[in-house]
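Hello,

Here is the structure I promised to pass on to you. Please have a look at it first, and then read on for my notes.

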Amino acid sequence: PSMYLKSIRLNNYRVHRETFVEFDRHLTLIGGPNESGKSTLVEAAHRVLFLRHRTTGEVLKEMMSLQSAEPPEVELTFSN
């Protein structure tokens, strides 16, 4: 059986202070005005899947929130 991405939660990740998106099993469209965080949402998921869990330096600096000094958090939930 295949797994699918069920949801993503971002806290203190660039423009996202507290964001939760639940995905439909078949199709989810993400829309909004420019600079509202659509690409940042995808970037966060990519980083969780393909970068080291603990990161520092410029990579961490790029992920930091614009509104908070708290560390960024990204959580992906999968289901089958």
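Let me begin with Asn 11, which touches His 16, Arg 17, Glu 18, Thr 19, Pro 71, Pro 72 and Glu 73, leaving out residues up to four places away in sequence. Please keep in mind that this is a predicted model. Asn 11 sits in strand 1, and its relative accessible area of 19% makes it buried, because the cut-off for buried is under 20%.

Asn 12 is in strand 1 too. The side chain of Asn 12 makes a polar contact with the side chain of Arg 17, at 2.7 Å. Apart from neighbours within four places in sequence, the residues in contact with Asn 12 are Arg 17, Met 63, Met 64, Ser 65, Ser 68, Glu 70, Pro 71 and Pro 72.

Now for the overall picture. The chain has two helices and three strands, and from the N terminus on these elements run β-β-α-α-β. Along the principal axes, the C-alpha atoms fill a box of roughly 40 × 30 × 15 Å. Of the 80 residues in the chain, 28% are buried. The accessible surface comes to about 6,100 Å², and carbon and sulfur atoms account for 52% of that. Looking at contacts between residues at least 6 apart in sequence, 62% of them join residues at least 24 apart.

Next, the inside. Nonpolar side chains tend to be buried together in soluble globular proteins. Which residues make up the largest nonpolar core here? There are ten: Ile 8, Leu 10, Tyr 13, Val 21, Phe 23, Leu 41, Ala 44, Ala 45, Met 63 and Leu 76. Strand 1 (4-13) and helix 1 each supply at least two residues of this core.

Leu 41 touches Ile 8, Leu 10, His 16, Val 21 and Ile 30, if residues up to four places away in sequence are not counted. Ala 45 lies in helix 1 and is buried, with a relative accessible area of 14%. Beyond its neighbours within four places in sequence, Ala 45 is in contact with Ile 8 and Leu 76.

On to the charged residues. Side chains of opposite charge can pair when their charged atoms come close. How many salt bridges does a search of the whole structure find? The search finds two.

One of them joins Glu 43 to Arg 14, with the closest N and O atoms 2.8 Å apart. Glu 43 belongs to helix 1 and Arg 14 to the loop between strand 1 and strand 2 (16-22), so this pair ties together parts that are 29 residues apart in sequence. Glu 43 is partly exposed at a relative accessible area of 22%, and Arg 14 is partly exposed as well, at 29%.

There is also a salt bridge between Arg 47 and Glu 43, where the closest N and O atoms are 3.8 Å apart. Arg 47 and Glu 43 are four residues apart in helix 1, so about one helical turn separates them. Arg 47 is buried, with a relative accessible area of 16%. Through shared partners, the salt bridges join Arg 14, Glu 43 and Arg 47 into one network.

Finally, the outside. Met 3, Val 48, Leu 49, Phe 50 and Phe 78 form a nonpolar patch on the surface, and together they have about 530 Å² of accessible area. Which element gives the largest share of this patch? That is helix 1 (residues 38-50), with three residues. Leu 49, for instance, has its place in helix 1.

Enjoy exploring it!

Best wishes

Notes
Residues are numbered from 1 along each chain as its sequence is written. This is a predicted model: local features need pLDDT of at least 70, side-chain atom pairs count only at pLDDT 80 or more; totals for chains, interfaces and linings use all residues. Side-chain values use heavy atoms; hydrogens and water are left out. Patches are made of residues with over 30% relative accessible area and no salt bridge: like charges are joined within 9 Å, nonpolar side chains (Val, Leu, Ile, Met, Phe, Trp, Tyr) within 5 Å. Accessible areas come from the Shrake-Rupley method with a 1.4 Å probe; for residues, only the protein chains shown count as cover. A salt bridge is a side-chain nitrogen of Lys or Arg within 4 Å of a carboxyl oxygen of Asp or Glu. A nonpolar core is a set of buried Ala, Val, Leu, Ile, Met, Phe, Trp, Tyr and Cys residues joined through side-chain atoms within 4.5 Å. Buried means under 20% relative accessible area, exposed over 50%, partly exposed in between (1.4 Å probe, protein chains only). Contact means heavy atoms within 4.5 Å. A polar contact is a pair of N or O atoms within 3.5 Å; within protein, one must be able to donate a hydrogen and the other to accept it, and residues adjacent in sequence count only if both atoms are side-chain atoms.
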